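Please read the numbered points below with the structure open beside you. They are meant for a reader who is meeting these terms for the first time.

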Amino acid sequence: MASRGSTRANGVSQTKICQFKLVLLGDMAVGKSSLVLRFVKGQFDEFQETTIGAAFLAQSVCLDDTTVKFEIWDTAGQERYHSLAPMYYRGAQAAIVVFDITKPETFDRAKAWVKELQRQASPNIVIALAGNKSDLSEKRMVEFEEAQAYAEDTGLLFMETSAKTAMNQRKCPNQMPKTQLMLPATEV
């Protein structure tokens, strides 16, 4: 994470500014684009178009005394785009691996993404696991406790989200820089 801050002549520090590269990974139709759209624009579209390759969005958020400028890469979930993923997660400070709580195969695929990130991404990358579509809990096929236990065993942040209802749509991305800020930062 690149950061910069300054101190005024009177000794009062100004707000630090950090750039934070965040990548979203997961199967197609798990709601990655919907989560990003909700986080950046506060919108939800019931019929989100499929992402081709990747989409880039940006969002600035104030966290305590730091302004975090998120550079968000929303990757396509189709298998044919998998080989492009390293290009997007290279140099990322954080990744959110998304699965659909109503489709257990997406949870299995999320585990594969986590393994890939742990093998190939930066050793300091913060990884969060997001069980999306919590608004469909009556159709749940992946239990909260199962996903939480997996996240704890592999050192991930975990929460369930809903792009549709906005549940935890800010909590997950905002928690990641706080975790990353505990690590040594790179000056801009």
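1. Lys133 is partly exposed, with a relative accessible area of 21%; here buried means under 20% relative accessible area and exposed over 50%, with partly exposed in between, using a 1.4 Å probe and protein chains only. Lys133 sits in the loop between E6 and H4, and although Lys133 is not a glycine, its phi is positive, about 70 degrees. The names of elements come from DSSP runs numbered from the N terminus, helices being H or I runs of at least four residues and strands being E runs of at least two.

2. Some cautions belong here: this is a predicted model, in which local features need pLDDT of at least 70 and side-chain atom pairs count only at pLDDT 80 or more, while totals for chains, interfaces and linings use all residues. Residues are numbered from 1 along each chain as its sequence is written, and side-chain values use heavy atoms, with hydrogens and water left out.

3. The side chain of Lys133 meets that of Asp100 in a salt bridge, 3.2 Å from N to O, where a salt bridge is a side-chain nitrogen of Lys or Arg within 4 Å of a carboxyl oxygen of Asp or Glu. This pair links distant parts of the chain, since Lys133 is in the loop between E6 and H4 and Asp100 is in strand E5, 33 residues apart. Asp100, at 1% relative accessibility, counts as buried.

4. How many salt bridges does a search of the whole structure find? The search finds three. In one of them Arg109 pairs with Asp27, the closest N and O atoms being 3.8 Å apart; Arg109 lies in helix H3 and Asp27 in the loop between E2 and helix H1 (32-41), so the pair ties together parts that are 82 residues apart in sequence. Both Arg109 and Asp27 are buried.

5. Glu160 forms a salt bridge with Arg140, and their closest N and O atoms are 2.7 Å apart. Here too distant parts of the chain are linked, with Glu160 in strand E7 and Arg140 in the loop between E6 and H4, 20 residues apart. Glu160 is buried, with a relative accessible area of 8%.

6. The largest nonpolar core has 25 residues, and those with the most contacts inside it are Val97, Phe99, Leu117 and Leu129; such a core is a set of buried Ala, Val, Leu, Ile, Met, Phe, Trp, Tyr and Cys residues joined through side-chain atoms within 4.5 Å. Two or more residues each come from strand E2 (16-25), helix H2 (85-89), strand E5 (94-100), helix H3 (104-120), strand E6 (126-132) and helix H4 (144-154). The largest share, five residues, is given by H3. Apart from this core lies another, of 21 residues, among them Leu24, Leu35, Val40 and Ile72.

7. Phe99 deserves a look of its own. Not counting residues up to four places away in sequence, Phe99 touches several residues, including Val30, Phe107, Leu129, Val142 and Phe158, a contact being heavy atoms within 4.5 Å.

8. Which residues of H4 are buried? They are Ala147, Tyr150 and Ala151. Seen down the axis of H4, these buried residues fall within an arc of 100 degrees, so they line one face of the helix; the arc is that of the directions from the helix axis to the C-beta atoms. The face turned away from the buried side carries the exposed residues Glu145, Glu152 and Asp153. The buried residues of H4 pack against E5, H3, E6 and strand E7 (157-160).

9. The axes of H3 and H4 come within 12 Å and cross at roughly 10 degrees, where axes are lines fitted to C-alpha atoms, for helices over the stretch in contact, and angles run from 0 to 180 degrees between N-to-C directions. H3 and H4 are therefore roughly parallel to each other, the term used for angles under 35 degrees. Their contact is made by Phe107, Lys111, Val114 and Gln118 of H3 and Glu146, Ala147, Tyr150 and Thr154 of H4.

10. Nine of the ten residues of H1 are buried, so H1 is largely enclosed by the rest of the structure. Just after H1, Gly42 takes a positive phi of about 70 degrees.

How values were computed: Parallel < 35°, antiparallel > 145°, perpendicular 65-115°, else oblique.
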